[in-house]
Amino acid sequence: MPQLKPCPDLSVGGHGRLPFETVALVLQGGGALGSYQAGVYQGLSAAGIEPNWIAGISIGALNAAVIAGNPPEKRIQRLADFWQTICQPAIFMPPVEYLYSWLAGADVESRKAFSAFAAWRALVEGQRDFFVPRGLKPWLGGRQGTAESSIYDTAALKSTLERLIDFDRINHGDIRLSVGVVNVRTGHMEYFDNTRGPSHKALKVEHILASGALPPGFPAIEIDGEYYWDGGLVSNTPLNHVLEATPRRNTLSFQVDLWSLNGPLPENIYEVQERQKDIQYSSRTLSTTEFMANSQHYRRILRELLLKVPLQERSNDAWCQEAEKYACGGQYSVIQLIYKDKAWETQAKDYEFSVSTMREHWQSGLQDIQKTLANESWLQLPPAHKEFVSYDIYAADEPSRPALTRVAAGPISRD
């Protein structure tokens, strides 16, 4: 676990409680890149910021469950235990592990070779207490069963999660937890949630495994007669699930992305594959944010117009009553943290599980959230005339990104 650097104290007794009813941590999928999210959470925790809602997909769901399933004083250590566990090679070879430690500080080309070899080992050997290859069986065809139709077996991950997560705490704790999945039969995106629906106070390890069951690598998970895959097949970010929640409340969302929409032009087939992944898995975050910014703007307009209608007319008019269901003067802030690739990373970055790389990802997340929290104004409600704002410490480096702040005419009425 990286050494913690000082963070501003934003807890009670520091700058006071954050002025939002909902403080959400939104975790994208991205496999081995997910330790970046652990670093982000470490920085938030050090600053006294404990989200009351965590939503995740794929590796984000696993990180979310580890956080929600432990008391605050143990969460960082449990995250470190989780990542140290799944980043161990399935077959321990001392000379190779020594080489890894040496290459961690080597030049870019040597690091590329190291990364490629570590990723190859993950594909061929699997990862200890995470997944192991099924051998030739998946490639022989025939009827193998839905739960066995995958390249790898993840039974070991189930045991790892059960060891590190207290599901009683998740189901009776004060953190809302949502994990995104896809129903294999219907193809529809769904969310398992510990506060509502069929999984209300009934989340279990299978729900978390389902959110990380990316085919064809990992098997579908059976829950109550249905089978589920990784939610990233439909949307790799649960941001819309958080921002569309009702009743609508003033919300601050820390959106932690593992894929960057902006990137250099590829110059070979491997860079093409890497760029394809970045675009495929990050684009929905941008479109979701743009859509939600516009939607909240229109809800605000509707509310301002309704306030101009006399109360008696609003009470008796069916159209006004219908409009009031959608009208909303709430304010939303989205703070984006987007992992930036290292110079030596390749198209295999999401399945390169070496310990040294994991630690670098973690440190990057910690550094980025510390830089982010230095902008204390971002942690306050938006100005009264703005209903949706988005912040990102790297936005200035990406001038092609559209502005996401929407401004409505006139002040928000506080009635």
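One rule to begin: a charge sits over a ring if NZ of Lys or CZ of Arg is within 6 Å of the ring centre and within 35 degrees of the ring normal. Keep in mind that this is a predicted model.

With that rule, look at R111. R111 lies over the face of W344, 3.9 Å from the ring centre. There is another such contact: R176 has its charged end over the ring of W53, at 3.8 Å from the centre.

Now the helix. R111 is one of the buried residues of α5. The others include F114, S115, A118 and A119, and also R121, A122 and E125. Where do they sit? Down the axis of α5, the buried residues fall within an arc of 155°, so they line one face of the helix. Next comes G126, with a positive phi near 90°.

On to the rings. The count is 14 aromatic pairs. Take Y152 and F218: edge-to-face, 6.4 Å centre to centre, with 80° between the planes. This pair links distant parts of the chain, 66 residues apart. Y152 is in strand β4, and F218 is in the loop between α8 and β7.

Buried or exposed, for Y152? Buried: its relative accessible area is 9%, and the cut-off is under 20%. F218 is at 16%, so F218 counts as buried too.

Last, the wider group. Ring pairs join Y152 and F218 with F130, F131 and F353 in a cluster.

Conventions. Residues numbered from 1 in each chain as written. Predicted model: local features only at pLDDT ≥ 70, side-chain atom pairs only at ≥ 80, totals over all residues. Heavy atoms only, no water. Buried < 20%, exposed > 50% of the residue type's maximum accessible area, 1.4 Å probe, protein only. Helix = DSSP H or I, 4+ residues; strand = E, 2+ residues; numbered from the N terminus. Arc of directions from axis to C-beta. Phe/Tyr/Trp six-rings, centres within 6.5 Å; stacked < 30°, edge-to-face > 60°.
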